[in-house]
Amino acid sequence: MSKLYKVTLKPSGDVVEVEEGKNLLVALREQNIYIKSSCGGHATCTDCIIKIVSGEDYITPPPFEELKLLGNVFHITKERLACQTCLTGDVTIDITKHNKATDEARLKNKTSNFSKKKQHTKIRKEPDIKKIRAERADERSKEEVENLAKAETWKKHWEKNQDSEAPKKLAGGKRPKFFDTDKVDYEKNDYTRPLSAEKQKLRDDRLETEKLKAENDKKITPSDKEYKKFRG
Ligand code: FES
């Protein structure tokens, strides 16, 4: 026959007996003592937390599942999961936060809110739906007109008076620059458009120099006849 240990419950001060090897959640529930639980003792909800007031040497160590949920902080919090705690001696535990009445009221509140929401659901008939759709379409078209008007007011002030059909000027209204090579007519070996006065002068000077140089070269170069005479 398994041993029985005494458990003193705070705050009521009641004393109950718990069998060795039976976890506190099951043992207390069997004696009609309320301990909250949502997972049914599978160490996943942490609802069954109790506080060990005294006799912490007479409880079994926390299994891995409990450590995963609560961490290794028992020496600070003195809290254990009732569903994972068995006894090896007499202990005192605090179950103040396990109040059946409060929990039931909270649950009722939740469900009553849900039912209230349900009452608000309206089932509409076909003509009503058509009417609402027409109204919404009207509202939408009104909104679109308003939005267009708003967009018009947000136009840049210099664009407002502009002809919307006119092509947009690029690069701030400047004409694109031509490359220098665009000005050259390669067939005639001349420029297609007049050069600036300064450039034209430079060009004339250059042409003059080239011409003089060519003439000088002509003078210096002996003619064929002279060359033959010289050679004898
Ligand atoms: S009953 Fe859920 S963790 Fe203990």
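View 1. The model is predicted. Across the protein, pLDDT averages 82, and 73% of the residues score at least 70. Where pLDDT is low, the predicted coordinates should not be read in detail.

**View 2. Strand β5 has a covered face and an uncovered one.** V91 and I93 make up the covered face. T92 and D94 lie on the uncovered face.

**View 3. Strand β5 pairs with β1 and with β3.** Strand β1 (residues 4-10) runs parallel to β5, and four bridges join them. Here V7 stands opposite V91 of β5. Strand β3 (residues 49-54) runs antiparallel to β5, with three bridges joining the two. S54 has T92 in β5 as its bridge partner.

**View 4. A cis peptide bond joins K10 and P11.** Its omega is about 5 degrees. P11 sits in the loop between β1 and β2 (15-19). Most peptide bonds are trans.

**View 5. A43 and its positive phi.** The angle is about 55 degrees, although A43 is not a glycine. A43 belongs to the loop between α1 (24-30) and β3.

**View 6. K78 and its positive phi.** K78 is not a glycine, yet its phi is about 60 degrees. The loop between α3 (74-77) and β4 (79-81) holds K78. With 15 C-beta neighbours inside 10 Å, K78 counts as partly exposed. Most residues other than glycine have a negative phi.

Notes: Residues are numbered from 1 along each chain as its sequence is written. This is a predicted model: local features need pLDDT of at least 70, side-chain atom pairs count only at pLDDT 80 or more; totals for chains, interfaces and linings use all residues. pLDDT is the predictor's confidence in each residue, from 0 to 100. A residue is buried if 20 or more other C-beta atoms lie within 10 Å of its own, exposed if 12 or fewer, and partly exposed in between; C-beta atoms are placed from the backbone. Two strands pair if DSSP finds at least two bridges between them.
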